[in-house]
Amino acid sequence: MAESKLKSIDDILKTPEARYATGNITPALSERMGFNPPKCKVFLSPCTTLSTDVSFTFRIDREAQKKLPDIIGNSVQRIVGVDAPDPLLQETHDKPRKLGIVFSGGPAPGGHNVIAGLFDAAQKANPETRIYGFLMGPDGIIENEAIPLTKEIIDRYRNLGGFSMIKTGRTKIDTRQKMTLSRQTCKDLGLDALVVVGGDDSNTNAAFLAQEMFADGVQVIGVPKTIDGDIQVRDDAGQVLCAMSFGFHSAARSFAGAISNLCTDGSSDVKYWHICKVMGRVASHLALEVALQTHANMAFIGEEMADYVDEARLKRAENAGSIDYTAYGMTLRHLSRVICEAIVSRAAVGKNYGVMVIPEGILEFINEIQLFIVKLNTIIADYNATHDATFHQDFPMLTDKLDYLRRQAQRARDRGGFTVWNTRDEDLFSDIPDFFKEGLLMERDSHGNFPFSQVETEKVLMDLVKDYLKILHEQGRYRIGILRDYYVKTFTNGGLDPDAYGPVLFSNWKEGEYLLMKADIISIKTLKQVLIREEAIGSSEEIPPPVQKIYKKSVPDFKIQTHFYGYDGRGSDPTYFDCVYTYNLGLTVFSLIANGATGQMAAIKNLEFDLSRWEPIGIPIAPLMHLEERQGKLSLVIERSIVDVNSVAFQAAKANRETWLAAFPGEDNYRNPGPIQLLGETEERRPITLLLNSLAR
């Protein structure tokens, strides 16, 4: 038989099947890019206008009033659809414009749809309108690096994650030179408006740009972006204007999907505790949403720990006629004890495994750690402000940094009076492990923030947990419960009477589905001593194999796997909620620009509810700003929103803590959120946090 001629690899790669297998575009991707997000009702009208709503009020900061005089008087503006616009309104709305847009800060799923919504609205109003995308973040504005955004470019990124279309950067336009260059760029391009998509710092920058370019007639609009979820805007009366920044839901779902898989793995392999650190430096919104999405066995919310009061310590101090101020706020040691108690309670019912979720910034809510961070931030900022080289350039090694701090403490001792770093700080700091000292002293980010994501938070906690679990094991409290039926079977098969040995070995022999070794049995030696004392064996006899087998199964081996969820979620494709939300934000941006607004943040009110109730609005940025310490000095910034421990979402998670810990016989109560998808009735329409909070309104 003649041998068949083999195809060459070149011929194979030309086939449709090979092109599909090796190509960049999958059917799922094509389907996603072809998805058309539904619009808010007002955007179905041929034209929009703005209606000022003075029912929302803000407490104005005097410094903001001084620095932002032209936009501090802005009010909330509602976007109103106009079905039969007069000729003047239509002409103003539809005139050709040149618009610029920039991504600022870390990526967040949905950013591309902001551009798509802006582009579609602008092209619908006037095909002559041009949109420029500034490359690599604010540097693109400063250096006039921009590209025209065409339909072909935008269509390639619709409903996709990341900021790949024009990239992003973290530069701040915070000096006179940078501001002058930015103004010149806008003049050179003939821009009518500039759109800044970013977080709290970026929207702060947008307000200063709006003020700077007010006289030039260049409008500036901000868009709230951060996966941390810490841009949530309320007015002075607590009325919600923006319930969540975009990207939060997608990142939370991405993290939840991965953590749900760990729940499945943990309950299959039954030997690891998975410690999952999720992004969230200042606020624990992501940790809360992930807990609600997955029902992880433990989830710690930093804001709750900050409000913790140790009533027992207060009582002891009261009885002693004193006040214990350290009873307010949770300590690192107390947190480790809480974790240990939960681990021990699960082990007692045979579950020496589990999943724990902690926010990246959990240490910021721990009293003694927060104090160190504030003091070290000030020391580093002061040094950088008064020396030609930075603190980290002059003191590259940990020993160099520690020597500098030691000299500061010595100077404080010699001179007396108030100093940032004193001998007590030095003594307390010396007790911290070197790896953690190095973490606390690492270089701050461009905004002066402590880089929590780079600190091994989980290592700090787990080292304390491991140490205390050893103590609990020595005390006979940390045991793996032995299923009674398994014990009976093992002893019966080994030729021993389970009823005779049960009272000797177990503290709860008379009751309980899971049996716990007596507290004084902590080793093979103590096991033998108990057996001899109870006359179960003679002094010269060996421990029977079934007894040894059961004992060894009762000895816990605490193993952990650590995981960090951050950058993967930032780059995930947006959920249905974020796709629709961001597209409508883009439409909102255009309506604000078309109607002459500047210094406003594009937002959607009523995100907690169905799309039919969404209300596109413009929120004045300047009234949101207040003085806050950044990089060792007071600066005007937008306040970050933290988890409200009185909210329905948090209270729901708190109410289910014992259920999700599942320290009882039987199955765990894990929840599988499923994959992120755009189509189908099973895809959730908004974050669980928002869903639950909407029930209170």
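In the predicted model, Leu-505 belongs to helix H23, which spans residues 498–505. Leu-505 has a relative accessibility of 0% and therefore counts as buried, the limit for that class being under 20%. Leaving aside residues up to four places away in sequence, the contacts of Leu-505 are Tyr-487, Phe-491, Leu-516, Met-517, Lys-518, Ile-521, Leu-527, Leu-531 and Val-547. Between Leu-505 and Ala-519, 14 residues apart in sequence, the C-alpha to C-alpha distance is 9.6 Å.

The largest nonpolar core comprises 124 residues, and the members that touch the most others are Ile-101, Leu-149, Leu-286, Val-357, Tyr-581 and Ile-619. Helix H27 (residues 576–594) makes the greatest contribution to this core, with 13 residues. Another core, of 53 residues, lies apart from it and includes Met-298, Leu-332, Ala-347 and Ile-369. Beyond four places in sequence, Leu-286 is in contact with Ile-227, Asp-228, Phe-248, Ala-251, Ala-252, Phe-255, Val-278 and Met-279.

Nine strands form an open sheet of mixed pairing in the order E1-E2-E17-E16-E7-E6-E3-E4-E5. Strands E1 (47–53) and E5 (146–148) are the edges, each pairing on one side only. Direction ignored, neighbouring strands of this sheet are turned against each other by 30° on average. Within the sheet, strands E7 (residues 219–224) and E16 (residues 600–605) are paired in the parallel sense over 2 bridges, and Ile-221 stands opposite Gln-600 in E16. Helix H10 (residues 200–212) packs on the sheet, where it touches strand E6 (193–198), E7 and E16, and its direction makes about 170° with that of E7. Helix H5 (residues 87–94) lies across E1 and strand E2 (76–82), at about 100° to E1.

Definitions and conventions: Residues numbered from 1 in each chain as written. Predicted model: local features only at pLDDT ≥ 70, side-chain atom pairs only at ≥ 80, totals over all residues. Heavy atoms only, no water. Core = buried A, V, L, I, M, F, W, Y, C linked by side-chain atoms within 4.5 Å. Buried < 20%, exposed > 50% of the residue type's maximum accessible area, 1.4 Å probe, protein only. Helix = DSSP H or I, 4+ residues; strand = E, 2+ residues; numbered from the N terminus. Contact = heavy atoms within 4.5 Å. Pairing = 2+ DSSP bridges. Axes fitted to C-alpha atoms, helices over the stretch in contact; angles between N-to-C directions.
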